[in-house]
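User: Hey, can you walk me through a few features of this one?

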Amino acid sequence: MVMAIAEYLSHDLPYKLSPDDTFVTCGCTQAIEIALTILARPGKNILVPNPGFPLYDLCGAFRDLEVRHFELLPEKGWEVDLDDVEALADHNTVAMVIINPGNPCGNVYTYQHLEQIAETAKRLKIIVIADEVYGHLVFGDNPFVPMGVFGMEVPVLTLGSLAKRWMVPGWRLGWMVINDPCCILKKPKIVDRIKQYFDICGTPATFIQAAVPRILQQTEEVFFLETIGILKQTSDFCCDQIKEIPCFSCPYKPEASLFVMVKLNLSLLRDISDDIDFCFQLAKEESVIILPGYTVGMKNWLRITFAAEPSALEEGLERVKSFYHRHSNQQKEC
């Protein structure tokens, strides 16, 4: 099974991955937990994106690993603010996290920007943790480029899973792969520590593990194309409907994953104090669930998913419009 995963991920790389550097996890969640556990040391810190995936903060807190947040730039397609990375890093920084394709932003980094990230990490002498759970789930102009492409420049721990591309989140099968053809991580024995840690970890159900080679090798391309086509359709529809809600603005149209980040203009609303209040009242009045941006590090933003049946998405956004009109400060007094 690990050979099949290594071969699958090697297709997009300029070198071949070894099964010895490939580890199976119970979903990408366990991969994140293990990556941070291996790197944790008293006084050490990691750099994670803001907005980002809150599990990194949670795992860091449990491992006594300080988490520092670098900003993503919405006006530049949610690119990493590399100046911010350099300002946050110090001699205790062990790694930076890159989520590509982006969650929660729906962005896809270009080859050129990933190269800049690799150069920055190399200069800072830190590892890159590449969260690529949404890898290849791309429907925009930018193609997906795995961070491992730059493994010759800087060591990369690639995290991924079957959940998103194959649409089987309940299977809980993921992986952590060491992209380090120059064997930099073997000198401080990080690779040995990873292997030893996996010896005491639980693994996915054996019957799911047995299915992995066939899943990776024999899934027909039409399955992926249909998935991408549906996401492109629902993403376009979602963004078009967002334009019709005056208190929403979307600085970047998503090109991947399942989400779009929307800025909330509170000045156009009455009786709404912030993004959390907006989401609570929306759920109470319209039975529509939207994630407040506060939970992913962006106060007074919202994360909207377009991974829904078109009819359900349409009805949900119509309810959001009704909610806006009911709470708009432009509403005429009786």
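Analyst: Here is a short chat about helix packing, ring pairs and one lysine.

User: What should I know before I start?

Analyst: It's a predicted model, where local features need pLDDT of at least 70, side-chain atom pairs count only at pLDDT 80 or more, and totals for chains, interfaces and linings use all residues. Residues are numbered from 1 along each chain as its sequence is written, and side-chain values use heavy atoms, with hydrogens and water left out.

User: OK, helices. At what angle do H2 and H3 cross?

Analyst: Roughly 40°, with the axes of H2 (residues 27–39) and H3 (residues 55–62) coming within 10 Å. Axes here are lines fitted to C-alpha atoms, for helices over the stretch in contact, and angles run from 0 to 180 degrees between N-to-C directions. Helices are DSSP runs of H or I, at least four residues, numbered from the N terminus. H2 and H3 are therefore oblique to each other; that term covers what is left after under 35 degrees (roughly parallel), over 145 (roughly antiparallel) and 65 to 115 (roughly perpendicular).

User: Which residues make the contact?

Analyst: From H2, Thr 29, Ile 32, Glu 33 and Leu 36; from H3, Leu 55, Tyr 56, Cys 59 and Gly 60. Contact means heavy atoms within 4.5 Å.

User: Switching to rings. How many aromatic pairs are there?

Analyst: The count comes to 12 aromatic pairs. Rings of Phe, Tyr and Trp (its six-membered ring) pair if their centres lie within 6.5 Å; planes under 30 degrees apart are stacked, over 60 edge-to-face, and the rest tilted. Phe 53 and Tyr 56 are an edge-to-face pair, 6.5 Å centre to centre with 75° between the planes.

User: Is Tyr 56 buried or exposed?

Analyst: Tyr 56 is buried, at 1% relative accessible area, while Phe 53 is partly exposed at 31%. Buried is under 20% relative accessible area, exposed over 50%, partly exposed in between (1.4 Å probe, protein chains only).

User: And what about Phe 278 and Phe 323?

Analyst: Their ring centres are 5.1 Å apart and the planes sit at 85°, so this pair is edge-to-face. The pair links distant parts of the chain, 45 residues apart, with Phe 278 in H9 (residues 275–286) and Phe 323 in H10 (residues 310–327). Both Phe 278 and Phe 323 are buried.

User: Last one: what does Lys 321 touch?

Analyst: Gln 241, Glu 244 and Ile 245, leaving aside residues up to four places away in sequence. Lys 321 lies in H10 and counts as buried at 10% relative accessibility.

Methods: Helix = DSSP H or I, 4+ residues; strand = E, 2+ residues; numbered from the N terminus.
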